[in-house]
Amino acid sequence: MSTEMTALETAKPAIVSRPYLLRRLARDPLALVALIFLVVIVVAAVLAPMLAPFDPYDTNLRMRLRPPSGQHLLGTDTQGRDMLTRLLYGARTTLALGFASIVVGSLIGTSIGLASAFYRRLEGPLMRLVDILLSFPSILFGLALAAMLGVGMDSLVIALGLSAAPPIARVARATAASVMQAEYMDAGRVIGLSDGALIRRYLLRNCAAPIVVYCSLQFGETILLAAALGFLGLGLQPPTAELGSIAAEGRSFIFLAPHVSTAASLLIFMIVLSCNLLGDAFRDLTDPKLQR
Amino acid sequence: MTSLNSADAPLLQVEGLSKKFSVSGTWPWQKRTLSAVNDVSFSIDPGETLSLVGESGCGKSTAGRMLVGLTAPSSGRILFEGQDVSGQSASQQRAMRRRIQLIFQDPYGSLNPRMTVGELIAEPALLHGLADHRGANDRVAELLGLVGLAKRHAGRYPHEFSGGQRQRIGIARALAVEPRLIVCDEPVSALDVSVQAQIVNLLQGLQERLGLSYLFISHGLSVVRHISNRVAVMYLGNIVEIGPKAAIFERPSHPYTRALLAAAPVARPGARQAGITLSGDMPSPLDPPSGCRFHPRCPFAIERCRQEIPVLSPGGEGRLVACHRWQEISAFQTNTSGARHAPKTARLLALYRQAAAANSNLRMSST
């Protein structure tokens, strides 16, 4: 009995089953480094209140723009706040913003994609709408939305989510359209399943893997966009620590104290790069199986 | 015998069923209609197996899909247990559709790969309230036993099974809603020959045990001969001949039926019937021929066939046949004695005999 149980558990068909993916990921050193880096950053961001040596909002004007030293490992910023602390809190905000946005974006995008694949009549209108949205650069679209919706975490998440949704809708529709061809969709219909049940239990379950992979790629984009909005002043308002706005604050003193902008920009760069590398690796891992 | 059967009403009655697909040409305004199924009528009695045979593309699958509600008919009526399937409220229709289930051709594609076998089989029963969540496990075990699988298979995923086993799962899933009619859409043509026999025997056993009726869609004539009570032959969306199995197989009336039977391979060299061989392909259903749809390929076609569409009319032995000339043609003997091989086959056989002779010579000389 017990051997049977283990046989059952190891033979999961899931394309994104974790242990399996991790083992194959280990053969791609670049992706592994990216994964480790991201895990470290995420853990550090989550534990920022415990790890940070100073208060992120504690200004000290006599100590402003100090280069890295023993006391302040990464120096201080324009208000004399500890840069390491600011970066930890900034990463926390930016990552949370990016994650919330990608969740919103994938919900919207997946709904549009699945609906247009399932109801062929909706395909034309919905996909043309997506085409229109895609014709704007996402930064412009995000900017316009952020300006329209005003400042604040909620409106920022909606703006970022909406600008991430169109490409996700495309991917979801393409995947769902191929799943719709499968005979098991007919099989579900014959036994009398409702449209809702068919979409949830048959369509979504079989589309999930490519959509999740694509979202992991989009995550980096969204973070970049979030930082860009912060940099342009449309993000969260100071004194909130956010990587984009930290980079923007240091911009005026880039020659005097380059460490402020550089550190924030580098962190953004590293996070986005890691997301892209990891997303690429995920895609490569799942692709051959999807093509079958 | 037919008069006896007509006493109790048929389980399923199909009247004038047609399906026309609208196909767009190069430009949106160049709409053309493809008539996949054309005015098809037949009935199935309780416990009976009706086979639907024909070339691929003749509309037999479309007919089956209309019965289970996957495709909406363009015109015609489907009466199940005397009631019109389409003229009902949604919930009534769903309850009625439950009694007609479908077994798919492709056992690899017809099971949701993300569900365990237990979930797959329990799903339809739970959906129609035939089992509650507590009773579902017992029901799954019972159904698995019915199709020759073990209870322990319930926790596995479809991809862990062979083609034949998957087809059994598909059958169990169809049985879960207690149907009376099962449309088998080429249920064995994707399987190994050795497994085909098992599945066909399983289907027959289930029929005896549960009193099921089958609409058996196939192009495998040997399987059809084995399983059916009656046979309907389709060509280009029309039924050209329908009747009891013996009548169709022993004394086919329609020239197309004859050609179809003559084309079936016989497992003995030299035993192949030198009957009608057809030339050319089936015409496109987008542009069907005038008159009898079979006339461009029919060796017996006359002017009348080009103009007048033949209707199904009684042709003896309880059959219906749609041909203007079937009475004249029946004089022709399909089974000409002393069958000849095709030239290519004859050459190959000669070569084979030569090689065999050389081989035995060699063996004799070596001993």
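**Exercise 1. Find what share of chain B counts as buried.**

Start with the rule: a residue is buried if 20 or more other C-beta atoms, placed from the backbone, lie within 10 Å of its own. Now apply the rule to the 367 residues of chain B: 40% of them count as buried. Keep in mind that this is a predicted model, where local features need pLDDT of at least 70, side-chain atom pairs count only at pLDDT 80 or more, and totals for chains, interfaces and linings use all residues. Residues are numbered from 1 along each chain as its sequence is written, while chains are lettered from A and ligands numbered from 1 in the order in which they are written.

**Exercise 2. Work out the order of the strands in the open sheet of chain B that holds β1 and β2.**

First, the elements: helices (H or I, at least four residues) and strands (E, at least two) are DSSP runs, numbered from the N terminus. Chain B has 13 helices and 12 strands. Next, pairing: two strands pair if DSSP finds at least two bridges between them. Between β1 (residues 12-24) and β2 of chain B there are 10 bridges, and the two run antiparallel. One place to look is B:Q13, whose bridge partner in β2(B) is B:S43. Then put the 4 strands together: the order is β2-β1-β4-β5 (chain B), with antiparallel pairing. The edges are β2 (31-44) and β5 (83-84) of chain B, each of which pairs on one side only.

**Exercise 3. Describe the side of chain A that touches chain B.**

Count residues first: the contact (C-beta atoms, placed from the backbone, within 7 Å) takes 18 residues from chain A and 26 residues from chain B. On the chain A side, the elements giving two or more residues are α1 (2-10), α9 (183-190) and α10 (195-231). Of these, α9(A) gives the most, with 7 residues.

**Exercise 4. Decide how far to trust α1(A), using its mean pLDDT.**

Recall that pLDDT is the predictor's confidence in each residue, from 0 to 100. Chain A averages 85, and 90% of the residues score at least 70. Among its elements, however, α1(A) has the lowest mean, 40, whereas helix α5 (residues 83-118) has the highest, 93. Over residues 1-17 of chain A, pLDDT stays under 50. Where pLDDT is low, the predicted coordinates should not be read in detail.

**Exercise 5. List the residues that B:L215 touches.**

Leave out residues up to four places away in sequence; B:L215 then touches B:I44, B:L50, B:L52, B:G64, B:L67, B:L181, B:V183 and B:C184.

Note on methods: A residue is buried if 20 or more other C-beta atoms lie within 10 Å of its own, exposed if 12 or fewer, and partly exposed in between; C-beta atoms are placed from the backbone. Two residues are in contact if their C-beta atoms, placed from the backbone, lie within 7 Å.
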